[in-house]
Amino acid sequence: MSSDAVLRVNELCIRVDGQPVVSDLCFHVAAGERVCLLGPSGSGKSLTAGAILGLSPHSVHIDGSVCINGVEVADIRATRRSPQSRSGMVFQDTHSALNPLVSVGAQLREPFMRFHGLSRKSAMEAARTMLAGMNMERIDDILQRSPAELSGGQRQRICMALALACRPALIVADEPTTALDVLTQEEVLTLLRECTGTADTPALLFISHDIGAACRLCERAVIIDEGRLVESNTLTHIIANPQHHFSRQLVRALRDSAPGTVPWAPDFDAREGLLCTA
Ligand SMILES: Nc1ncnc2c1ncn2[C@@H]1O[C@H](COP(=O)(O)OP(=O)(O)OP(=O)(O)O)[C@@H](O)[C@H]1O
């Protein structure tokens, strides 16, 4: 395991109403890394995200360890975590991630005031600068609107801006593109790639069942099935040599979709749907 892991999950066990749903899950995300957590529907991805973020419902019981920046947080709710052990979050449901009664500007200036110590005016300016850096148009107009007055893609960008404004070491993105059309999906993935995974930006845990999206973003994948880790390796390796039957299904789906769109297309043999290892 990497010694400078931003996230370290060790022997994580999650029970819901007494029933085991995630068992002995171990993985890490290093600083500057983008890792995807892949698994079929119901395999425990969102419950794992909830445990990492400190957002599990009361019916969920967690054992094992979740360390963020070296701080044990498995038992600590999100609101009680120290600033260095908080993570940013981006979810599929952007409506419930934003307050419908508060303007986008008022929501976005908040973390700049709280985490950057800026005045109200400077915080609004910082929010403008951040949205400009995310290639958003008509920023002043957008800042005045309520979340319901934005498109799904715009709302997701605001959610990402909110996550980034909290200066987290880690962003957990749980199916952030699932509710979006194909073009907007691509824009959000591009933005996530630009805003994470370097020495100066947060590490990313990208949760999905879409290996195509994972390939556009991540170098490494952790694959779970029925709450257990079944494979963990670089995506290049997994695509070339999938071990578990769900991994093989994922690779087949990738081959059947549009292999030419995979970003490392020069290495991708469109006829075989396998990586050229030579
Ligand atoms: N609050 C809850 N109460 C009862 N059961 C739950 C709860 N949350 C999740 N589960 C169950 O735990 C299992 C794992 O759910 P989870 O949402 O983590 O799956 P997932 O891998 O994220 O699925 P998907 O890809 O469909 O979102 C499922 O069988 C689900 O029905």
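Tutor: Let us start with the word contact: two residues are in contact if their C-beta atoms, placed from the backbone, lie within 7 Å. This is a predicted model, in which local features need pLDDT of at least 70 and side-chain atom pairs count only at pLDDT 80 or more, while totals for chains, interfaces and linings use all residues. Residues are numbered from 1 along each chain as its sequence is written.

Student: Which residues of α6 and α7 meet under that rule?

Tutor: On the α6 side they are G152, G153, Q156, R157, M160 and L164, and on the α7 side T184, E187, V188, L191, L192 and C195. The helices themselves are DSSP runs (H or I, at least four residues, with strands as E runs of at least two), numbered from the N terminus.

Student: What makes the residues of this contact nonpolar, polar or charged?

Tutor: Ala, Val, Leu, Ile, Met, Phe, Trp, Tyr, Cys and Pro count as nonpolar, Asp, Glu, Lys and Arg as charged, and the others, Gly among them, as polar. By that rule the contact of α6 with α7 divides into 6 nonpolar, 4 polar and 2 charged residues.

Student: Why is α6 called roughly parallel to α7?

Tutor: Their axes come within 10 Å and cross at roughly 15°, where axes are lines fitted to C-alpha atoms, for helices over the stretch in contact, and angles run from 0 to 180 degrees between N-to-C directions. Angles under 35 degrees count as roughly parallel, over 145 as roughly antiparallel, 65 to 115 as roughly perpendicular and the rest as oblique. The angle of roughly 15° therefore makes α6 roughly parallel to α7.

Student: How do you know what α3 is to α6, and what makes up their contact?

Tutor: The axes of α3 (residues 104-116) and α6 (residues 152-165) come within 9 Å and cross at roughly 15°, which means that α3 is roughly parallel to α6. From α3 the contact takes V104, Q107, L108, P111, F112 and F115, and from α6 I158, A161, L162 and A165. These residues divide into 9 nonpolar, 1 polar and no charged.

Student: Why is α3 called roughly perpendicular to α4?

Tutor: The axes of α3 and α4 (residues 120-133) come within 8 Å and cross at roughly 115°, so α3 is roughly perpendicular to α4. Here G105, L108, R109, F112, M113 and H116 of α3 meet R120, A123, M124, A126 and A127 of α4, and the contact divides into 7 nonpolar, 2 polar and 2 charged residues.

Student: What makes up the two domains, and how do they touch?

Tutor: Domain bounds come from an automatic or database domain assignment, and here they give domain 1 (5-87 + 168-275) and domain 2 (97-167). Their C-alpha centres lie 26 Å apart, and the contact takes 12 residues from domain 1 and 10 residues from domain 2. On the side of domain 1 that touches domain 2, α7 (residues 182-195) gives the most, with 6 residues, and that side divides into 9 nonpolar, 1 polar and 2 charged residues.
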